[in-house]
Amino acid sequence: MKPSRTSIRRKLVTAMMLTSTTVLVLTGAALILYDVASSRRALVHSLTTRAEILAANSTAALAFDNPDDATRVLAALRSDPSTVMAALYDRHGQLFANYPSHRASTAPGSAPVRMGSWFEHSSVVVHRPVIEDGRTLGTVYLQSDLRALTGRLRVFTLVVLLAVVGSVGVAFALSTWLQRGIATPIGTLAEAARRVSEGKEHSVRANVVSDDELGLLAGAFNEMLGEIQQRDAALRGSEARLRQLNGDLERRVQLRTAELEASNRELEAFSYSVSHDLRAPLRHINGFADLLQRQSRANLDEKGRRYVETISESAKHMGALIDDLLSFSRMGRSEMQQASVNLERIVAEARATLSVDIAGREIVWQVSPLPEVPGDPAMLQLVFTNLLSNAIKYTRGRTPARIDVGATADEDEVVVYVRDNGAGFDMAYLDKLFGVFQRLHSAEEFEGTGIGLANVRRIVLRHGGRVWAEGKLDEGATFYVSLPKEVAGERQNREAA
Amino acid sequence: MGELRRVMLAEDNLKDVELTLAALDEHNLANEVVVVRDGAEAWEYLCREGRYAARPVGLPAVVLLDLKMPKIDGLEVLRRMKSSEALRSIPVVMLTSSREEKDLVESYRLGANAYVVKPVDFERFIAAVKNLGLFWAVFNEPPPGTVRRAA
């Protein structure tokens, strides 16, 4: 048996038994009390009547002072065994006659002062006057034991007790039978709840057929379980879908990653191949052109010598293009270092690097204080070397050349500008400025491969920043680089690059 | 000055061989240059095996190794040389057209003495060969322990 079921059954039976037993016992007690009271009343009444009869019969004996007569009258009491003692007193209160005559000592020698009837110890007493024609002749004293009363009380109590015990038995049988109507459905409900909570089986139903609150409870319970089961199924379904989606996504990511890795490897192999295989024939062109110049110079005419020189120069230029392209490709793939970069030092180092190009030039520099930004020091070094190199290159022919470097900052980013008074550019070609191998000037005017600003753009984008420029033909150009103050993820940079 | 010992040049490209020889010649390098065409041949020469089983005893004063070669590449030859007790002390110069950092790092990791990116510029190429390759060959001052050919 499950403890919970035992408990509700026992509680119900206990409650019913306690109630019925209490009621029965109280009723029995009331009955007994009532009976005791009425029996005593009846006893007193009968004793009083007897005393009155005795008084009536004893007037003559008292009036004529005949104690023997009185004793005879009293002896009639023999017929009632419950009368323990009787006595007659004369009008002076002196004992006149008593009963039983042979035990005279039990009667008080003189009449008690108290009149009427009362209970005393285990007996009842009546003491009343003997009156004839309004004259008090004496008093009669009657004492009866309670034998009849207690006998009756015993029988009555026994009957009541038997009735109570019988009723309790019937009540127990009834309550045991009646509690089933409540305890059984509750037990069924509890069993169902236990199976749900232990086994997590929401398919369980409480099989309770009842039109009362328990039936309602079971119905609500079943409905709730149904709801839970339904939601559980829905949850499981969406969980499975989610897991599948996740799996799909993961597979797709893996596939994409593998594809990306493969294409990255291909790209790497490609650039490796370019740097080896494309360079070798160039080296040969250049090398043999050089040998030709050294060894057969005398056999060549002016035109021939110019041809050989052109071959050499073209080979060198192509070499430079290949180098730049490779560095540009590497810049997009290489891992970024993260450090706090002092832009002022970067600019100073860039100027030092470019000191050879500045030799013999008159340049007025104005470099304002620059902040520190997070980024890759080597890459940012390249950015500013490129920008300053451009400024120096395109101010060739200006005397003096002016180059200003400065910065503005807001909450999120630092904007550094490099301004020159050089050749400038036509804003119409702005979109070509930062393209790979895009040039706005001829090679005769200004040398270069057209990779510098493309590199600048790629590096700045990888830092999460932007590049833009303003310029006017023959009046100079200003290049702007914005760099975020917080380290930006590589996400947007990859997207852009 | 003692007798000049050989220089071994491992290079698969004939044009590069010719250019290198011309550069060495131009600088009046008196050493005999042994040219091998791939890594396997270089290894046979160094070990006096196979087709070089009958070559005179002695080791080159310096080895110029091209990185990319058929069969066994330059890095592998370098690795084998540096793992060999007898060959470990021969100076090795890696000659390559590659500017790839990983090649350079790998070469030095394996114990190369120098790494020369063959520049497109022939003048610089010659300067590089002269500075690095000829240093050991011309002055004939091999690291201690190198077996000297009998005079």
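User: Two strands pair if DSSP finds at least two bridges between them. Which residue in strand 5 of chain B is the bridge partner of B:Met94?

Analyst: This is a predicted model: local features need pLDDT of at least 70, side-chain atom pairs count only at pLDDT 80 or more, and totals for chains, interfaces and linings use all residues. Residues are numbered from 1 along each chain as its sequence is written, while chains are lettered from A and ligands numbered from 1 in the order in which they are written. Strand 4 (residues 92–96) and strand 5 of chain B pair in the parallel sense over four bridges; helices (H or I, at least four residues) and strands (E, at least two) are DSSP runs, numbered from the N terminus. In strand 5 of chain B, the bridge partner of B:Met94 is B:Tyr115.

User: In what order do the five strands of chain B form their open sheet?

Analyst: Along the sequence, chain B follows the pattern β-α-β-α-β-α-β-α-β-α. The pairing in the sheet is parallel, and the strand order is 2-1-3-4-5.

User: Which residue in the turn between strands 3 and 4 of chain A has a positive phi?

Analyst: Strand 3 (residues 116–120) and strand 4 (residues 123–132) of chain A are antiparallel and share five bridges, among them the one between A:Glu120 and A:Ser123. The hairpin has two residues between the strands, and the one with a positive phi, of about 50 degrees, is A:His121.

User: Which residue takes a positive phi in the hairpin of strands 4 and 5 of chain A?

Analyst: Strand 4 of chain A runs antiparallel to strand 5 (residues 135–145) of chain A, joined to it by ten bridges. A:Val126 stands opposite A:Leu142 in strand 5 of chain A. Two residues lie between the strands, and the positive phi, near 50 degrees, belongs to A:Asp133.

User: Which element gives the largest share of the side of chain A that touches chain B?

Analyst: Two residues are in contact if their C-beta atoms, placed from the backbone, lie within 7 Å. The contact takes 16 residues from chain A and 13 residues from chain B. On the chain A side, the elements giving two or more residues are helix 5 (213–295) and helix 6 (302–333). The largest share, twelve residues, comes from helix 5 of chain A.

User: Are helix 6 and helix 10 of chain A roughly parallel or roughly antiparallel?

Analyst: A:Phe328, A:Met331 and A:Gly332 of helix 6 meet A:Ala454, A:Asn455, A:Arg458 and A:Ile459 of helix 10 (residues 452–462). The axes are 10 Å apart, at an angle of about 5 degrees. Angles under 35 degrees count as roughly parallel, over 145 as roughly antiparallel, 65 to 115 as roughly perpendicular and the rest as oblique. The angle therefore makes helix 6 and helix 10 of chain A roughly parallel.

User: Over which residues of chain A is the pLDDT below 50?

Analyst: pLDDT is the predictor's confidence in each residue, from 0 to 100. Chain A has a mean of 85, and 96% of its residues reach 70 or more. The pLDDT is below 50 over residues 490–495.

Conventions:
Axes are lines fitted to C-alpha atoms, for helices over the stretch in contact, and angles run from 0 to 180 degrees between N-to-C directions.
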